[in-house]
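Here is my note on the model you sent. Please read it with the structure open beside you.

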Amino acid sequence: MEGVSSIGQDLLEERRRRRSAGDPRITPEGREILLRLTTGDRMDEFQAALDSDLEDDAGLERHSSEDA
Amino acid sequence: MLVIDEYLAVRVLVGAHPSQLDPDETLALPAYRHYRLLQRVHAPGAGQLSQLLSDADRQAIRRPHPEVLQILDPRPLLDEAAAITAAYRSAGLLVGETLAAGLVHGRQLWFGTSRNVGERLAEIAGELGIVINVAEPDS
């Protein structure tokens, strides 16, 4: 029983490790850019880009920081 | 399953999993929020992801690995989304689909910044009993 539990725990831990590592296709350069856009000095630029789609598409309601 | 926004989707794709999110939960991005990211991947011009990222990076955003990030199928959510947009006349498809996803998946939504929540979404979420969580970047 203990062995089965350990196998399950090992599988879960390996799954957590893979998921926390992110997508392996992301390059170090891409990671740096994407982090700057979503957590760093380029967040304003990223938000403006997301909001521009709402302005261009009548089906998607504008809900940017301007109305927050 | 936790429903997340574009910011958190990108953060988990690059391996910067927010500590506030349960590491065992499946993370899912509503389809129209994925569409907003895809617009950035495909749009031409300086400053767009199409110009900033390599093909491999773009592929990871276009077709995320399902173990890392799932894209919610919009079809089962459309009726609920339409009901919400009809009831709250100023709510659009993006807001309606996000709220429908939150209703179906644990009555909670996760955003990477409060700037991406929006006043209208927050108001309706409050009325529907959907908890808005924000996992701001670590300062």
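**Notes on the two-chain model**

1. Start with a strand pairing in chain B. B:Leu2 has B:Leu27, in E2(B), as its bridge partner. Two bridges join E1(B) to strand E2 (residues 27-29) of chain B, and the two strands run parallel. Strands pair here if DSSP finds at least two bridges between them. Helices (H or I, at least four residues) and strands (E, at least two) are DSSP runs, numbered from the N terminus.

2. This is a predicted model: local features need pLDDT of at least 70, side-chain atom pairs count only at pLDDT 80 or more, and totals for chains, interfaces and linings use all residues. Residues are numbered from 1 along each chain as its sequence is written, while chains are lettered from A and ligands numbered from 1 in the order in which they are written.

3. The pairing in point 1 belongs to an open sheet of three strands. The order is E1-E2-E3 (chain B), with parallel pairing. Strand E1 (2-3) and strand E3 (70-71) of chain B are the edge strands, each pairing on one side only.

4. Strand E4 (residues 108-111) and strand E5 (residues 131-134) of chain B are joined by four bridges. B:Gln108 has B:Val131 as its bridge partner in E5(B). With helix H7 (residues 119-128) of chain B, E4(B) and E5(B) make a right-handed β-α-β unit. Right-handed means that, with the strands pointing away from the viewer, the path from the first strand over the helix to the second runs clockwise.

5. Which residues of H7(B) are buried? They are B:Leu121, B:Ile124 and B:Ala125. Buried means 20 or more other C-beta atoms within 10 Å of a residue's own, exposed means 12 or fewer, and partly exposed lies in between; C-beta atoms are placed from the backbone. The buried residues of H7(B) fall within an arc of 105° seen down the axis, so they line one face of the helix. The arc is that of the directions from the helix axis to the C-beta atoms. An α-helix has 3.6 residues a turn, so residues three or four places apart point the same way.

6. The surroundings of H7(B) follow. Helix H5 (78-87), H6, E4 and E5 of chain B are among what covers its buried residues. B:Gly126 and B:Glu127 are exposed on the other side of H7(B). After H7(B) comes B:Gly129, with a positive phi near 75°.

7. Check B:Arg107. It has a phi near 55°, a positive value in a residue other than glycine. B:Arg107 is in the loop between H6 and E4 of chain B. It counts as partly exposed because it has 13 C-beta neighbours inside 10 Å.

8. Helix H4 (residues 55-62) of chain B has B:Asp57, B:Ala60 and B:Ile61 as its buried residues. They cover an arc of only 95° around the axis, which puts them on the same side of H4(B). The buried residues of H4(B) pack against helix H2 (28-39) of chain A, and also against helix H1 (6-13) and helix H2 (31-42) of chain B.

9. Now the contact between the chains. It takes 44 residues from chain B and 32 residues from chain A. Two residues are in contact if their C-beta atoms, placed from the backbone, lie within 7 Å. H1(B) gives the most to the side of chain B that touches chain A, with six residues. By class, that side of chain B has 21 nonpolar, 13 polar and 10 charged residues. Ala, Val, Leu, Ile, Met, Phe, Trp, Tyr, Cys and Pro count as nonpolar, Asp, Glu, Lys and Arg as charged, and the others, Gly among them, as polar.

10. Chain A has three helices and zero strands. Buried residues make up 21% of its 68 residues.

11. Take care with confidence in chain A. Its mean pLDDT is 81, and 74% of its residues reach 70 or more. pLDDT is the predictor's confidence in each residue, from 0 to 100. Over residues 62-68 of chain A, pLDDT stays under 50. Where pLDDT is low, the predicted coordinates should not be read in detail.
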